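Here are my notes on this model, point by point. Please read them with the structure open.

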Amino acid sequence: MPIADANFADKKPTAADLQRSFLRHLQYTLVKDKFTATKADLYLALAYAVRDVLVNRWLDTQQSYYINDAKRVYYISMEFLMGRTLGNSLINLGVMEEWQTALKQMGIDVEELQEQEWDAGLGNGGLGRLAACFLDSMATMSLPAYGYGIRYEYGMFYQKIINGAQAEFPDDWLRYGNPWEFERQEHLHQIKFQGRVESYCDEQGERRYNWLDTTDVMALAYDFPVPGYGNETVNTMRLWSAKSTRDFELGSFNQGNYIGAVESKMRTENISKVLYPADHMAEGKELRLRQEYFLSSATVQDIFYRFEKKHRDVSLLPEKVAIQLNDTHPTLAIPELMRILLDDKRLGWDDAWNIALHTFAYTNHTILPEALEKWPVTIMERILPRHLQIIYRINELFIQQVIARFPGDNDRLRRMSIIGEDGERSVRMAHLAIVGSHSINGVSALHSEILKNELFHDFYQLWPERFNNKTNGITQRRWLKYCNRWLADLISSRIGEGWVTNLDELKKLIPLADDCGFQQQWIEVKRANKVRLAEHIREHNGIKVSPDSMFDCQTKRIHEYKRQLLNILHVITRYNRIKANPGGNFAPRTVLFGGKAAPSYYMAKLIIKLINSVGAIVNGDPAVNTLLKVVFLGNYNVSLAEIIFPAADLSEQISTAGTEASGTGNMKYSLNGALTVGTLDGANIEIMEEVGRDNIFIFGLTSSQVSGLKKAGYQPYDYYFHNPELKQAIDMIGNGTFSPEEHNLFKPVVDTLLGLDNYLLLADYSSYMACQDEVDRLYQQPLEWARTSILNTAAMGKFSSDRTIAEYARDIWDIKPEAISRHSRRDLQ
């Protein structure tokens, strides 16, 4: 049959069409029949059948970009937290219901097959999930875009909770193969490390440099399709895998050093082995730097390869290429582009710098000093000697600019220099990214103001025109239509499906917020989702929770600034209140935590242990466990989040004001009808502005009040001694109430709270408790709670990643949508 017919290019497939495609892959691709096929085989057969439809559109998309000579954006990120691909593809292709019907006739449940897919855990948290949402939006908006990352053999570790503590296990997500990736052996780039730099004069007498005697590794491309919703666009996410060079392997083998050759090959390929090696050790720090350069170099070389198919004049690069750096990790792409322009293309410095400056843009994602990357000069000099030379030259010329603008201000020079001289000399990657980019953006209004007025104020004074805000967003396709189909169907039944590509359409729900019948339907959908999550908790945690209790959720990376400790202080106080007043009017709560702690982050791991230890006492106490339960959901990932968000009643967004750049979990919870209890931090402020102050629970100090309190000399003990409930909760942590077998286990937690309390938990405790009392009162009015929940969902239009990407495309990248023509289907028939 013609290929186009096989892939249903021009007609809606019938159930029989889909069944034929499914059975063809089961028999001819997997060599299985109904007697031997496992559930994993059935999943793969479905994945290959869906992939067939993607492939034609994918080829057409790339051909259209090439023929139209479209300007493309390249989004470089160390993380892409994509989650499962099958369900997302079925939704975006608009064939979910058709496949459910077709396979149901064969006695196969599509939802069960989706559970067979392993999450691609190529990220840690918000940074990677944001990148995934952006790729979805770019494809849905038909923007010519590519995502570039690393194909980690082992993703973010698999978390198990053993005796209440986090234990890390390899996340071997590729163990059974990946039907969604395509190995591209023709896209292989040489990545150099170490060696020496030799200077010479070229024919024109210009000083040039050769990077010689390097140790090399090859970057092999693996491509993943990224389908847009309801259109013909399928963009590409290209991930790089490290491979050893043939010459190196062969030389070792020929010398008879077979074991040495194998060991060398393994060391070479370690670069793409694991996401985020522990960088508290020298070896891990060096490997992290190698990873970042590996990604940057392979991507820049690949961009040149694509650019030069159509163009020989490199000065056109900014007109055809926009490169977005997702945080500082890929910043080495700037000196790598300069190296290629200077050493390979033989441009002069000024021309090369002008091209680089107009090509790169930088997104900052953090204001925490420890998260702003700095690489010791000694390590960079050994691993990337040519790049350090280029960075020195960039810094030299930059410092001249600063001196000309601010003569005699030596403190400013020290603060702004790309090379940090405090202690060990280091390369400040955020400074390099700012100097080398024409646009620097924050990811929420507050965050961007902090960048301009505090963190990068010196740079803002020099180049105010470069700074801008792009508030983060989420894709409603994944985070409502796919993960909460019951709510999506209810919404569409009343206002149509326009919201799937224009989230502002949700405003049409506002008049329905006072409709008692709609409120009741809303409540029923929420309860059904809670029943589903309760079953997951019973199956995986062995804890029975009531779907009629308030599901109070805090799911995010475990970090002190995110203040899971403040949440657990509330849990302990609530426990004490119930014990002291058994007949009190308490709204029943199930407090849910989820998130991973970095393996070397001692305090974060101790917080996980504390949460589980408090949970063991609370859940085992018959005097309170009908009114309060505590559950830690292990191995929090995208697929688990897709069960939690639809079921959540309350969203805990309680970071210290001025520490969270944006947050996107806050948006996902609100989109699914959860009410927010939060500080005026990150995007919480903009959520409050959209939903209205009366429809969100705000507490705590503002970012300016936080700064003021710290400057005045914050004394945690003052709060401890003046609040009996707070003192009781902290004393219980410290005296072994939750660790009877090891009384001093949580002493470091108490020492942290009563010592520095860097994130002002004690200062915000009283306000937080009062806010939680307000939450209780509203939850005991179900229809009023439902009304507020509906208004939260209705106000989420601003927080679509489609809006964010439209702003990037207009303000930073200068790219436009491209119509996709059916080149491949016409050519192959």
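1. Start with a helix pair. Helix α22 passes α25 in a left-handed crossing. The model is predicted. The contact uses Lys 526, Asn 529, Lys 530, Arg 532, Leu 533 and His 536 from α22. From α25 come Leu 640, Glu 642, Ile 643, Ile 644, Phe 645, Pro 646 and Ala 647. By class, the residues of this contact are seven nonpolar, two polar and four charged.

2. Now the geometry of that pair. α22 spans residues 516-541 and α25 spans residues 638-647. Their axes come within 8 Å and cross at roughly 140°. Angles over 145 degrees would count as roughly antiparallel; α22 and α25 are therefore oblique to each other.

3. Confidence next. The mean pLDDT of the protein is 94. Of its residues, 95% reach 70 or more. Treat residues 1-6 separately: the pLDDT there is below 50. That stretch has seven contacts in the model beyond near neighbours in sequence.

4. Strand β20 (residues 589-594) runs parallel to β21, and six bridges join them. Phe 593 stands opposite Phe 632 in β21.

5. Another open sheet has nine strands with mixed pairing. The order is β7-β10-β11-β4-β1-β12-β13-β17-β18. The edge strands are β7 (182-193) and β18 (467-469), and each pairs on one side only. Direction ignored, neighbouring strands of this sheet are turned by 25° against each other on average.

6. Leu 325 has Tyr 362 in β13 as its bridge partner.

7. Which strands does helix α12 touch? α12 (residues 333-344) packs on the sheet against β1 (72-76), β12 and β13, and its direction makes about 170° with that of β13. Helix α34 (residues 801-813) also packs on the sheet, touching β1, β12, β13, β17 (440-442) and β18. The direction of α34 makes about 120° with that of β12.

Technical notes
Residues numbered from 1 in each chain as written. Predicted model: local features only at pLDDT ≥ 70, side-chain atom pairs only at ≥ 80, totals over all residues. Heavy atoms only, no water. Axes fitted to C-alpha atoms, helices over the stretch in contact; angles between N-to-C directions. Helix = DSSP H or I, 4+ residues; strand = E, 2+ residues; numbered from the N terminus. Parallel < 35°, antiparallel > 145°, perpendicular 65-115°, else oblique. Left-handed = near helix turned anticlockwise from the far one by under 90°. Contact = heavy atoms within 4.5 Å. Nonpolar A, V, L, I, M, F, W, Y, C, P; charged D, E, K, R; others polar. Pairing = 2+ DSSP bridges. pLDDT = per-residue confidence, 0-100.
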